Amino acid sequence: MESLSATDKAGREIVRLIAAHRFSPGERLLETALARELGMSRTPVREALGQLASTGFLVKSEGSRGYQIPVLTPKDIEDVFFMRGILESKAAMLCARSAPEKTVRELRRINAREEETFKANLKGEYAELNEEFHMLLADSSDNPYMKMYIRQLYWRSNLYVLFFMSFYCLESDYDTKRLSYMEHRKVVDAVEAGKPVAAEAAMRGHILSSYNHLLFPKKPLEEMS
């Protein structure tokens with residue numbers, strides 16, 4: 001496995017802190033305090049914060065040079081998940097058309113580890129594996145524009161998932177109503193079988209299910225197309 005740079009490590013740890021609800025929407029993230037808590041120098045922390053802001057996961061603080069977690073709104077969640085449903089379902093379709101065996105094996109590996117970490121209630125690692133899964137499908141679409149926009153949408157939507165999905169915000173080890181790694185498995189099955197239409201439908205259903213299970217005031221999404 002490729003080793004992470006200091007900046008990547010800082011970014012991963014900052015996301016883990018947010019996944020653990022150490023910070024709240026609208027709260028400012030202080031570079032000095034984060035560097036102290038992570039036991040790192042300020043440079044990789046500063047660079048990591050900038051990278052997270054470039055994805056929309058963080059925003060610039062008004063009247064300062066720092067960053068903060070965005071204030072989350074019903075309109076934003078609808079817009080983000082609607083577009084994720086459209087783009088990521090198409091990415092899954094394209095992947096199913098031409099995914100090499102190596103890609104399928106990696107999707108299977110990630111999905112198996114997702115089940116393990118979900119059952120062990122390892123929220124931070126589960127969030128990282130979820131990102132790996134979605135970004136691998138985006139990469140496999142072989143469309144650089146799709147990859148770029150999916151990454152931005154994914155990170156923005158991840159704020160809603162980390163703060164309002166029951167797995168991340170409730171004390172119970174299981175979400176008895178929904179197991180997202182099983183939804184991922186349906187996508188992998190369709191990709192491995194070379195069934196683009198089934199892969200597209202499975203991913204669209206997964207994104208819609210994610211939206212519907214958020215503990216956040218929201219309106220029903222219009223049918224994704």
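Let's start with a salt bridge: Arg 113 pairs with Glu 125, their closest N and O atoms sitting 2.9 Å apart. (A salt bridge here is a side-chain nitrogen of Lys or Arg within 4 Å of a carboxyl oxygen of Asp or Glu.) Arg 113 belongs to helix H5 (residues 101-119) and Glu 125 to helix H6, so this pair ties together parts 12 residues apart in sequence. Helices are DSSP runs of H or I with at least four residues, strands are E runs of at least two, and both are numbered from the N terminus.

Keep in mind that this is a predicted model, where local features need pLDDT of at least 70 and side-chain atom pairs count only at pLDDT 80 or more, while totals for chains, interfaces and linings use all residues. Residues are numbered from 1 along each chain as its sequence is written, and side-chain values use heavy atoms, with hydrogens and water left out.

(Buried means under 20%, exposed over 50%, partly exposed in between, with a 1.4 Å probe and protein chains only.)

The whole structure holds 22 salt bridges. One of them joins Arg 16 to Glu 13, with the closest N and O atoms 3.9 Å apart. These two are three residues apart in helix H1, so about one helical turn separates them. Shared partners join Arg 12, Glu 13, Arg 16 and Glu 128 into one network.

Now follow H9 to another neighbour. The axes of H4 (residues 74-98) and H9 (residues 180-192) come within 7 Å and cross at roughly 35 degrees. (Axes are lines fitted to C-alpha atoms, for helices over the stretch in contact, with angles from 0 to 180 degrees between N-to-C directions.) Ala 92, Cys 95 and Ala 96 in H4 meet Val 187, Ala 190 and Val 191 in H9, contact meaning heavy atoms within 4.5 Å.

Finally, look at two loops. His 21, between helix H1 (6-19) and strand E1 (28-29), has a positive phi of about 60 degrees although it is not a glycine. Asp 142, between helix H6 (123-140) and helix H7 (144-164), also has a positive phi, near 60 degrees. His 21 is partly exposed at 30% relative accessible area, whereas Asp 142 is exposed at 70%.
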